[in-house]
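Me: I have a model open and would like to learn how to read a few of its features. Could you walk me through them?

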Amino acid sequence: MKSDQLKIPQATAKRLPLYYRFLENLHTSGKQRVSSTELSQALKVDSATIRRDFSYFGALGKKGYGYNVQYLLSFFRDTLDQDERTNVILVGVGNLGTALLQYNFSKNNSTVMTHAFDVDEKKIGTTIGDVPIYDWNKLEEAGIKDTSIAVLTVPASQAQSSADKLVEAGISGILNFTPVRLSVPEHIRVHHIDLAIELQALVYFLKHYPL
């Protein structure tokens, strides 16, 4: 995301890829314009929130007309640096790691998983989803200088030490699928995705906040 747009609220920033993906689908289907109400119904985001999110970037639409799909798509492609390739590595080729390798961000051509790492000798030297698996103990030799993001899917007991090694290797962003809250330097950004917590939250909302 462009540096002059970093001051938008983080909650808004997290919704931008959601908007972008939906706009891609609209464009593919041939739709030329869309209203905030239509976006709200499709994305399950309040229309007032959508209008507020868009307002941070100036006048993206017209009252009574809505938003031009092609214009919005081009705008958010530029905003999200979709024309700039981002290389990603994965650490930990277990069940979850294997699933992510097979997916390999197939709906996002600007993000490419280039390397995977594990300590299992049976996996090292093989490929999953066209991604080669390297020896984790030889991270420095694998050629990841052009990579800034790592996906961490190792056992919890190995999470912190793995993160430390990634930081030393020059990684600046970690998508952490482990339940461990990682301790990293201030210049490293970590996004935590704890599937167990998300499931517990879903169960709670189903019981106490019925639709």
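Reply: Happy to! Buried means under 20% relative accessible area, exposed over 50%, and partly exposed in between (1.4 Å probe, protein chains only). This is a predicted model, where local features need pLDDT of at least 70, side-chain atom pairs count only at pLDDT 80 or more, and totals for chains, interfaces and linings use all residues. Residues are numbered from 1 along each chain as its sequence is written, and side-chain values use heavy atoms, with hydrogens and water left out.

Me: Is Lys 44 buried or exposed?

Reply: Lys 44 has a relative accessible area of 74%, so it counts as exposed. Lys 44 lies in the loop between helix H2 (36-43) and helix H3 (47-55); helices (H or I, at least four residues) and strands (E, at least two) are DSSP runs, numbered from the N terminus.

Me: What about phi of Lys 44?

Reply: Most residues other than glycine have a negative phi. Phi of Lys 44, however, is positive, near 60°. Asp 130 is not a glycine either, and has a positive phi of about 70°. Asp 130 sits in the loop between strand S6 (127-128) and S7, and is exposed because its relative accessibility is 76%.

Me: How do S6 and S7 pair?

Reply: Strands of a sheet pair through backbone hydrogen bonds, either parallel or antiparallel. Two strands pair if DSSP finds at least two bridges between them. Here S6 and S7 are antiparallel, over 2 bridges, and Ile 128 has Val 131 in S7 as its bridge partner.

Me: Which strands form the open sheet, and in what order?

Reply: The order is S6-S7-S5-S4-S8-S9-S10, 7 strands with mixed pairing. S6 and strand S10 (189-192) are the edge strands, each pairing on one side only.
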